[in-house]
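Biologist: I would like to go through the terms used for this model and see what each one rests on. Please set each value against its rule.

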Amino acid sequence: LHDGSSDLREIVRMADMIQEMHDDAVEAICRGDVAHLERIAKTDDEVDRLTREIKVFLSILGEETLDSGQTLRAVAYIAIVSDLENIGDFIDKTVTDHLRRLSERNQRFSEEGVAELRSFLSEVGSLYREAVSAFVTRDPSAARNVIGRRKEVTGMERELRLAHIRRLQKGTPES
């Protein structure tokens with residue numbers, strides 16, 4: 001927290017690991033390939049380990065004499081690390097559990113569903129990378145852009161849900 005840049009290294013490493021988990025999940029979803037699931041689980045374990053280490057480090061730093069700006073930054077870093085861990089847990093638990101169930105039932109997404117999911121997850125990945133970049137550069141303009149794009153991605157998610165419901169109503173078996 002003293003120079004700012006060195007303290008970000010492990011957080012950025014976590015963010016990169018979450019990006020890898022996301023990319024593996026996209027491949028698993030779009031190709032029906034559950035081979036990526038083991039890698040996701042191992043990466044999530046590493047993210048959990050880093051989370052513990054970073055939180056311990058920041059807690060110990062908090063016991064030292066930090067100025068108010070450094071203390072605020074430490075608190076923000078703890079919140080960001082927790083958010084990253086939650087994203088990793090979501091990918092590991094929710095996405096992989098769903099994909100395992102599909103695999104056990106020998107089910108796949110429809111071609112239309114896969115295309116929609118690929119497009120949506122590409123947008124989510126892009127937004128995530130922009131958010132990490134805004135955090136690292138501490139660029140308020142980039143952060144505002146991320147917040148604006150988040151609303152767009154939320155609208156896109158709503159449209160995907162409606163498209164899924166329409167496929168269910170048409171009786172598309174894969175839906």
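Modeller: A nonpolar core is a set of buried Ala, Val, Leu, Ile, Met, Phe, Trp, Tyr and Cys residues joined through side-chain atoms within 4.5 Å. Buried means under 20% relative accessible area, exposed means over 50%, and partly exposed is in between (1.4 Å probe, protein chains only). This is a predicted model, in which local features need pLDDT of at least 70 and side-chain atom pairs count only at pLDDT 80 or more, while totals for chains, interfaces and linings use all residues. Residues are numbered from 1 along each chain as its sequence is written, and side-chain values use heavy atoms, with hydrogens and water left out.

Biologist: How many residues does the largest nonpolar core have, and which have the most contacts inside it?

Modeller: The largest core has 36 residues, and Met14, Ile18, Leu84 and Leu99 have the most contacts inside it. Two or more of its residues come from each of α1, α2, α3, α4 and α5. The largest share, twelve residues, is from α1. Such helices are DSSP runs of H or I of at least four residues, and strands are runs of E of at least two, numbered from the N terminus.

Biologist: Which residues is Met14 in contact with, leaving aside its neighbours within four places in sequence?

Modeller: Contact means heavy atoms within 4.5 Å. With those neighbours set aside, Met14 touches Val47, Leu50, Thr51, Ile54, Val81, Leu84 and Glu85.

Biologist: How do you know that the length of helix α5 agrees with its number of residues?

Modeller: The expected span of a helix is 1.5 Å times one less than its number of residues. Helix α5 (residues 140–170) has 31 residues and should therefore span 45 Å; its end C-alpha atoms are 45 Å apart, which agrees. Its buried residues are Val146, Arg149, Val153, Gly155, Leu160, Ala163 and Arg167, and the buried residues of α5 pack against α4 (111–137).

Biologist: What is found at the start of α5, and what follows α5?

Modeller: At its start, a side-chain oxygen of Asp139 comes within 2.9 Å of the backbone nitrogen of Ser141. After α5 comes Gly171, with a positive phi near 85 degrees.

Biologist: What makes Glu123 and Arg149 a salt bridge?

Modeller: A salt bridge needs a side-chain nitrogen of Lys or Arg within 4 Å of a carboxyl oxygen of Asp or Glu. The closest N and O atoms of Glu123 and Arg149 are 2.6 Å apart, and the pair counts as a salt bridge. The pair links distant parts of the chain, with Glu123 in helix α4 and Arg149 in helix α5, 26 residues apart. Arg149, at 12% relative accessibility, is buried, whereas Glu123, at 29%, is partly exposed.

Biologist: Which helices does the salt bridge of Arg39 and Asp24 tie together?

Modeller: The closest N and O atoms of Arg39 and Asp24 are 2.8 Å apart, a salt bridge. Arg39 lies in helix α2 (residues 35–63) and Asp24 in helix α1, so the pair ties together parts that are 15 residues apart in sequence. Asp24 counts as buried because its relative accessibility is 5%, and Arg39 counts as partly exposed because its relative accessible area is 47%.

Biologist: Why is the pair of Tyr77 and Phe135 called edge-to-face?

Modeller: Rings of Phe, Tyr and Trp (its six-membered ring) pair if their centres lie within 6.5 Å; planes under 30 degrees apart count as stacked, over 60 as edge-to-face and the rest as tilted. The structure holds one aromatic pair. The ring centres of Tyr77 and Phe135 are 5.9 Å apart and their planes stand at 75 degrees, so the pair is edge-to-face. Tyr77 lies in helix α3 (residues 68–104) and Phe135 in helix α4, so the pair ties together parts that are 58 residues apart in sequence.

Biologist: Why is Asn106 counted as exposed?

Modeller: Its relative accessibility is 71%, so Asn106 counts as exposed. Asn106 lies in the loop between α3 and α4.

Technical notes
Polar contact = N/O pair within 3.5 Å; in protein donor to acceptor, adjacent residues only side chain to side chain.
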